[in-house]
Each structure stands twice: as C-alpha cells, then as structure tokens.
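Subject: Structure handover

Hello,

Here is the structure I promised to pass on. Please have a look at it first, then read the notes below.

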Amino acid sequence: MNPALAFALVCLAGGVGAALRFVVDGAVRSRWSLAFPLGTVLINVSGSFVLGALTGAALHGALSHALLLVLGGGLMGGYTTFSTASLETYRLAAECRIGPALANGAGTLVVAAFAAALGLALGAAL
C-alpha cells in the first residue's frame, strides 16, 4: 500500500473509531445512569478483543498487514480510550471512591488484557 494512502486510511479509520466510541458511550449512558464509567470500560474491553482478533488473523495470514494497520491502528486506536479510563480512574479516586477507582483502573486493565488474549486466539483460529 502506498504510504500516503495508508496514512489517509488510518486517519479516516481513526475518525470513524472515535465516532463509534461516541455512539457506544452515548448508548450506554442513555440506558444506565451510573457514576461508574461503564461505557468506557465496555469500549476498552471490546476494542481490545477486536484488536486481538485482528492481530491474530494478521499473524496467521488471514488479514493483510496493511489492513491490520488501518483497522487495528486506525479504527481500534480511535475507538479505544485508555486516556479517558485513566482520567476517570483519577476522578473516582479524587472523590474518595477507592473501590470503584481500583475496579476501573486495575479491572479494566486485567479484563482488557484477557479480552485481547481471547481475541488473539480467536483471530489465530480463522
């Protein structure tokens, strides 16, 4: 793939991923009014799973590395938001909500890593 085209596609996919994150987070917030950032957790866990699946597929030849760059780096890079998770963890801790802060920070990391491993195994099986 031409590097300029790859750059343009990664940028476009990143924008689509960010818009998708906005839609998913809005859908979660409209259904559940929680102080816990459930939408961000779901976004990061599902994005980690999809990125794992894409990577597993690429490692086993079922997906080109150019498509992995666009979908993994662009789309999933725009969709997932660990910076928001970090800020929300800090906000919970600053409000002395230590349990939810630990669940958000450490829980998201552990569950997202597990989801990525599961996605990687699934992608490798394709």
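Start with the two helices. The axes of helix α1 and helix α2 (residues 38-59) come within 8 Å and cross at roughly 135 degrees. Helices here are DSSP runs of H or I, at least four residues, numbered from the N terminus. Axes are lines fitted to C-alpha atoms over the stretch in contact, with angles from 0 to 180 degrees between N-to-C directions.

That makes α1 and α2 oblique to each other. Under 35 degrees would be roughly parallel, over 145 roughly antiparallel, and 65 to 115 roughly perpendicular; the rest is oblique. The crossing of α1 and α2 is right-handed.

Which residues make the contact? On α1 they are R21, V24, D25 and V28. On α2 they are L38, G39, T40, L42 and I43. Contact means heavy atoms within 4.5 Å.

A word on the source. This is a predicted model, where local features need pLDDT of at least 70 and side-chain atom pairs pLDDT 80 or more, while totals for chains, interfaces and linings use all residues. Residues are numbered from 1 along each chain as its sequence is written, and side-chain values use heavy atoms, without hydrogens and water.

Next, the charged pairs. There are three salt bridges, each a side-chain nitrogen of Lys or Arg within 4 Å of a carboxyl oxygen of Asp or Glu.

D25 turns up again here: its side chain meets that of R29 in a salt bridge, 2.8 Å from N to O. Both residues lie in α1 (residues 3-31), four residues apart, about one turn of the helix. Are they buried or exposed? D25 is buried, at 18% relative accessibility. R29 is exposed, at 54%. Buried means under 20% relative accessible area, exposed over 50%, and partly exposed in between (1.4 Å probe, protein chains only).

E95 has a salt bridge to R91, 3.6 Å from N to O. E95 also pairs with R97, at 3.9 Å between the closest N and O atoms. The shared partners join R91, E95 and R97 into one network. E95 is partly exposed at 40%, R91 is partly exposed at 32%, and R97 is partly exposed at 27%.

Last, the cysteines. The whole structure has zero disulfides (pairs of cysteine sulfur atoms within 2.5 Å). C11 is partly exposed at 43%. C96 is exposed at 66%.

Best wishes

Key. Left-handed = near helix turned anticlockwise from the far one by under 90°.
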